[in-house]
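Trainee: Could you take me through one part of this model up close? I'd like to follow the strands and then whatever connects to them.

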Amino acid sequence: YILFALVKKFQIDILVLFILLTGKTLLAKAVATECNTTFFNITPSTLVTKWRGDSEKLIKVMFEMAEHMSPSTIFIDELDTIASKRIDHEASRRLTSQILIHMDGLSSSKKRIFLLATSNHPWELDPAIFRRLEKRIFIDLPDVQARKDMFEYYLSEMLQKNKYIKCKIDSDSLAQKTNGYSGSDIKLICKETAMHAMRLMFNVLENKSSNHFNCIITNNEVNNTISKTKPSTNDTDNNKYKIWQSQYASY
């Protein structure tokens, strides 16, 4: 799922991106590369410390560094963990307030800064921060065509240079059987299937039963792995995100 917010004030573009389930860090780096900007990869452990006042100072330094090295992209992973709804906890309130101050301060700057953030629980974001995200775009789990392309890439293309392991699969059939699987789930299925072939090769080499080893991965091997690998998401969670998207999405 991707929520996307673009706020444009004067000379500043604030781009806030929320992603769930697939490749959020990779997508953020791709954006920074395409925009040719300095990339700041920020995680909660980077900003949160046990010393009083240090977290606020780190946030201030982060925005000052981004402004100094502009054009720049600030990528904050799991924004809801540091900017959740302000409950009766002083440290959480101070941290959220500091982020709000600097997000508003970007509008008076002449530097170009992109702010991207991810969240697995967007409904837990502080309303004040949420209001600043004008664009929120929902991206669902991979569809049939996307799953087909993933199987072809991870199995057919990545194994084509291997002279011992070959791949002959019907990617259409596999894509139909993996409805509800995320991209990381499909990658895991392909990895486990390839590892099974590697184990067979090692057994042959250890037993010296043959001087030559050739293994062909077919749908039977992949289906066997699928039966042992359950999707990391469920219908209840997916419906929750879809309901949230229907209420708050902005394109």
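Mentor: Let's begin with a rule: two strands pair if DSSP finds at least two bridges between them. Strands are DSSP runs of E with at least two residues, helices are runs of H or I with at least four, and both are numbered from the N terminus. Keep in mind that this is a predicted model, where local features need pLDDT of at least 70, side-chain atom pairs count only at pLDDT 80 or more, and totals for chains, interfaces and linings use all residues. Residues are numbered from 1 along each chain as its sequence is written, and side-chain values use heavy atoms, leaving out hydrogens and water.

Now, the strands. β4 and β5 run parallel, joined by five bridges. Buried here means under 20% relative accessible area, with exposed over 50% and partly exposed in between, using a 1.4 Å probe and protein chains only. Side chains in a regular strand alternate between the two faces of the sheet. In β5, I113, L115 and A117 point one way while F114 and L116 point the other, and all are buried.

The structure holds two aromatic pairs, and in one of them F39 and F75 are stacked, at 6.1 Å centre to centre with 20° between the planes. For the cut-offs, rings of Phe, Tyr and Trp (its six-membered ring) pair if their centres lie within 6.5 Å; planes under 30 degrees apart are stacked, over 60 edge-to-face, and the rest tilted. This pair links distant parts of the chain, since F39 sits in β3 (residues 38-42) and F75 in β4 (residues 72-76), 36 residues apart. F75 is buried at 0% relative accessible area, whereas F39 is partly exposed at 25%.

Next, step into the loop between α3 (54-68) and β4, where you'll find M69. M69 is partly exposed, with 35% relative accessibility. Together with V61 and M65, M69 forms a nonpolar surface patch with about 240 Å² of accessible area. That area comes from the Shrake-Rupley method with a 1.4 Å probe, and for residues only the protein chains shown count as cover. Nonpolar side chains (Val, Leu, Ile, Met, Phe, Trp, Tyr) are joined within 5 Å, and like charges within 9 Å.

Conventions: Patch = residues over 30% accessible without salt bridge, like charges linked within 9 Å, V, L, I, M, F, W, Y side chains within 5 Å. Salt bridge = Lys/Arg side-chain N within 4 Å of Asp/Glu carboxyl O.
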